[in-house]
Every structure is written in structure tokens, then in C-alpha cells.
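Here's a quick briefing for anyone opening this one up for the first time. Have a look around, then read on.

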Amino acid sequence: MDNMHNDAALAMSSLTLELDHISKVIGNKQLVAPLSLSIAAGQIVALCGGNGAGKSSIIRMIADLSRPSSGSIVLHGTALHEQRDQYLAELGYMPDDYQFTGSFTAYESLKFWAELKQQPVNRVRELLELVGLHETGKKKVHQFSKGMRQRLLLAQALLSKPSLLLLDEPTNGLDPYWMKRFVAIIDEAARGGAIVLFSTHQLQVAEAAADYIVMLDQGEVKLSSSYEQIRLQYGEQGLQRAYEAIFWGEEGAMERVRA
Ligand SMILES: Nc1ncnc2c1ncn2[C@@H]1O[C@H](COP(=O)(O)OP(=O)(O)OP(=O)(O)O)[C@@H](O)[C@H]1O
């Protein structure tokens, strides 16, 4: 490898999100057991697990909405709790439950967020088109369906072309068409070099979108593996089988496969 390529490879390899033993304890309850994970630029990681598994708790720590009880979070060499502004400038975050207030339209909402993030207004139109909300006109966001609100929140997360895209249950409420579009949209972000981390209950979305899967139960990591590896171990629809094996035991999984 010549020097130029060597330098480029080195620069890419330093573009990572490093979670080092992050945990969350509230009172005497451990919401998240120490978790370590390294995600490279261009990778898409899905956090899977049942209700209360700890997915949002992890995402909220990385989004700086909750302070880890231990451990560190470092993005491209910038430590969240040491250089907060620099870290947050790289982040696009889609919350799980956002309460829209006021009587804004999709355009007005996105324009408001764009101003906060100092993004040009043409980015607003571009993103509204990307998420199919460019023809909603005067309709107020509080009159939107769940799926439409989710698409607007996704557009908001993409505004600043973040190098870390953190999405909490992004496909909740999306119809099959938009589910597929969602996969294409995050795939494009990853191909542009973003790190994408999203949580989901929907294993088929994780299978379609993610290169790497982290499966959680009661705050503990039960599986942390590339999707390719899961497929090799569990075969086609491997994630569903892995999930069943983890949550219901191998026997339960086999019974369901036979049924
Ligand atoms: N502020 C809090 N105080 C105490 N416990 C909390 C708090 N927030 C979350 N929890 C608990 O932490 C656990 C993990 O919750 P979390 O919301 O991270 O799970 P999740 O995997 O995102 O679940 P879901 O799929 O239902 O959204 C749950 O038992 C929840 O009750």
C-alpha cells in the first residue's frame, strides 16, 4: 500500500464509536450491564431485545440524555464527557417518543430544527422529499399519522448529515413501503461513511438493514455478532432463530421451527 492509501486507511480506521464498559444503574436496579462495542464508519448496528431490555437506555446514554454510571463513549477520538460540543456536533438522534407541540407543519418543524442546527433551508426541502412529506402542505404535524411523524423525526435526525446516526425504534409505525425505504435511507447514510446505530423489536428490519446485531435481555448482552456470522450459525432467518434460542431456549426454538 502506498503512503497516500495508507493515510486514507488510517483516517478511516480512526472513525469509530467506542463504547467502553458503559453501564447504567438507577437505585439498586441495573438497567444496562457494562457494555463494550466498537462500531466503524459505514457500519450499521441493530440493538434488538424485548420490552425493557435496555435498548433506549443505551441509546439515551450515547445521545447524552442520560449519564452512564460507568464507562466511556468516544466518537472519532472525541470523548463525550470531555468534549461534549464537538461530540454532539457529529450526532443525529431520533427519539423513541417525541411529543410534538404547537401547530407546525412538516416544513415549519423541519425549518425550525434546521435553524437550530444552522443548516440551509434547501436541506429542508431535500429531506422532506426523501421521507415523502413534501406534499403535506398546510397539514399540521399533530394531525399526522404515527408513520408520518416517524418519517419527520428521521428527516430531523439526518439534517446535519451526521457521522453518527442514533435511531430509537425508527420503524415503529412505518408501513411496508416506508420500512423498505428506511432500510435504503440508512444504507445510503452508511455508504456515505456514517455510523448507524438503531434499536428495533422488528427482527426482519434488523436482518434487512444491519451488518452487526447486539441482542439484549434485561440490560445484559446475550448476543453480539455480525449478521453474517448469525446466518452461518442459525441459517436463513437466523436472527429469528437466534432470538428464540436466547429468549426461549434451544428446545423452545426447535419446537417452534417444527410447528
Ligand atoms: N428513569 C428510569 N428509572 C428507573 N428505571 C428505568 C428508567 N428508565 C428506564 N427504566 C427501566 O430500565 C429498563 C430498560 O428500559 P429501556 O426503556 O431501556 O428498554 P427498551 O429495551 O428500550 O424497551 P422497549 O422496547 O419497551 O422500549 C426497564 O426495566 C425500564 O423500566
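Predicted model: local features only at pLDDT ≥ 70, side-chain atom pairs only at ≥ 80, totals over all residues.

Residues are numbered from 1 along each chain as its sequence is written. Helices (H or I, at least four residues) and strands (E, at least two) are DSSP runs, numbered from the N terminus.

- Two bridges join β4 (residues 70-75) to β5, and valine 74 has alanine 79 as its bridge partner in β5.
- On β4's link to β1 there are five bridges, again antiparallel; here glutamate 18 has valine 74 as its bridge partner in β4.

**The six-stranded sheet**

- A second open sheet has six strands in the order β6-β7-β8-β3-β9-β10, and its pairing is mixed.
- Its edges are β6 (91-94) and β10 (220-226), each with a single partner strand, so one side of each is left without a neighbour in the sheet.
- Neighbouring strands here are turned by 15° against each other on average, direction ignored; axes are lines fitted to C-alpha atoms, for helices over the stretch in contact, and angles run from 0 to 180 degrees between N-to-C directions.
- Four bridges join β3 (residues 44-48) to β9 (residues 212-217), which run parallel, and cysteine 48 has methionine 215 as its bridge partner in β9.

**Helices on the sheets**

**The nonpolar core**

- The largest nonpolar core has 70 residues, and those with the most contacts inside it are Leu165, Val196 and Ile213.
- Such a core is a set of buried Ala, Val, Leu, Ile, Met, Phe, Trp, Tyr and Cys residues joined through C-beta atoms within 7 Å; buried means 20 or more other C-beta atoms within 10 Å of a residue's own, with C-beta atoms placed from the backbone.
- Helix α6 (residues 146-158) supplies the largest share of this core, seven residues.
- Leucine 165 touches Gly92, Ala157, Ile186, Ala189, Ala194, Ile195 and Val196, not counting residues up to four places away in sequence; contact means C-beta atoms, placed from the backbone, within 7 Å.

**Domains and annotation**

- The chain is divided into domain 1 (3-90 + 163-258) and domain 2 (100-161), with bounds from an automatic or database domain assignment.
- Their centres, taken over C-alpha atoms, are 25 Å apart.
- Nine residues of domain 1 are in contact with seven residues of domain 2; on the domain 1 side, β7 and α7 (176-191) are the elements giving two or more residues.
- The unreviewed UniProt entry annotates residues 17-243 as "domain: ABC transporter"; positions use the numbering here, feature names are shortened, and annotations may be inferred rather than shown by experiment.

Terms used:
Pairing = 2+ DSSP bridges. Buried ≥ 20, exposed ≤ 12 C-beta atoms within 10 Å, placed from the backbone. Contact = placed C-beta atoms within 7 Å.
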